[in-house]
Amino acid sequence: MAAAHTHPVRIGLTGGIGSGKSTVGNMLATLGAVLIDADQISREATGPHGAAMGAIRATFGDEYVDASGALDRPRMRELVFRQPNARAQLESIIHPLVTQQSSLHAQQAVAAGAPLIVHDIPLLAESGRWARQLDAVLVVDCSTDTQLERVVRRSDLALDVVRGIIASQASRHTRRAIADVVITNDADCSLDALQDQVGQAARLFGL
Ligand code: ADP
């Protein structure tokens with residue numbers, strides 16, 4: 001008989017925009033973790049003929065579906081702005097699909113013998129629904145100034161827009177409150193130093 005099947009550790013990875021969350025996720029993947037990206041799954045579900053599109057069409061109407069069969073994002077943004085309840089409706093369609101798809105990916109990773117599964121969940125601190133699926137939460141943290149500086153450098157978003165995005169996300173305090181492990185990735189943290197912290201976290205999680 002094959003050796004007893006041990007369950008991989010499942011962790012949630014989160015951090016504000018520009019914290020370095022994706023960089024940390026990629027480092028963990030290089031160390032052998034399987035990365036499951038909630039944002040990517042959500043984009044696929046609302047992409048051309050994605051899994052959410054039938055319900056979106058039925059709930060909001062044909063005019064919210066573009067010619068490719070994808071969610072018409074600008075139009076939906078406008079609706080959500082005018083009618084905040086629409087966001088909750090949209091989320092009630094998308095979130096269960098993201099959960100379902102993430103579980104499926106996780107099951108595949110388990111079957112493939114992955115030692116560590118990392119769920120990259122940008123809004124983990126904002127959403128209670130993940131807690132029972134995760135063994136631990138890893139938060140990437142840095143100062144708001146560092147977030148601003150990184151995001152402005154990598155995109156052409158204006159400072160005010162980035163400030164608005166940061167303000168709309170969970171505060172550092174809220175995010176740290178749900179953390180089992182915090183990686184501090186401030187402006188004075190080199191990529192090598194970040195890699196060291198990621199290595200330590202990975203060992204904690206059994207990699
Ligand atoms: P997030 O996924 O949290 O939005 P990213 O991982 O994409 O953030 O990082 C934002 C930007 O900052 C990227 O261009 C990344 O390469 C850079 N970066 C992140 N951490 C460091 C670091 N410790 N040293 C140098 N550059 C970094």
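Which helix gives the most to the shell around the ligand? In this predicted model, local features need pLDDT of at least 70 and side-chain atom pairs count only at pLDDT 80 or more, whereas totals for chains, interfaces and linings use all residues. Residues are numbered from 1 along each chain as its sequence is written, and side-chain values use heavy atoms, with hydrogens and water left out.

The ligand is surrounded by 14 residues, of which the closest are Ser22, Thr23, Arg154, Asn185 and Cys189; a residue counts as near if one of its heavy atoms lies within 4 Å of the molecule. Helix 1 (21-30) and helix 6 (144-154) each supply at least two residues of this shell, and helix 1 gives the most, with three residues; helices are DSSP runs of H or I with at least four residues, strands are runs of E with at least two, and both are numbered from the N terminus.

A polar side-chain atom of Ser22 lies 2.4 Å from an oxygen atom of the ligand, and a polar backbone atom of Gly18 is 2.8 Å from an oxygen atom of the ligand. In the side chain of Asn185, an N or O atom is 2.8 Å from a nitrogen atom of the ligand. Of the 560 Å² of accessible area that the ligand has on its own, the protein covers 74% (Shrake-Rupley method, 1.4 Å probe).

The ligand sits in the largest pocket, where sitting requires that more than half of its atoms lie within 2 Å of the grid points. A pocket is an open set of points on a 1 Å grid over the protein atoms alone, where a 1.4 Å probe fits, with protein on both sides within 12 Å along at least five of seven lines, and its lining residues have an atom within 4 Å of a point. The largest share of this lining, six residues, comes from helix 5 (85-111).

Terms used: Polar contact = N/O pair within 3.5 Å; in protein donor to acceptor, adjacent residues only side chain to side chain.
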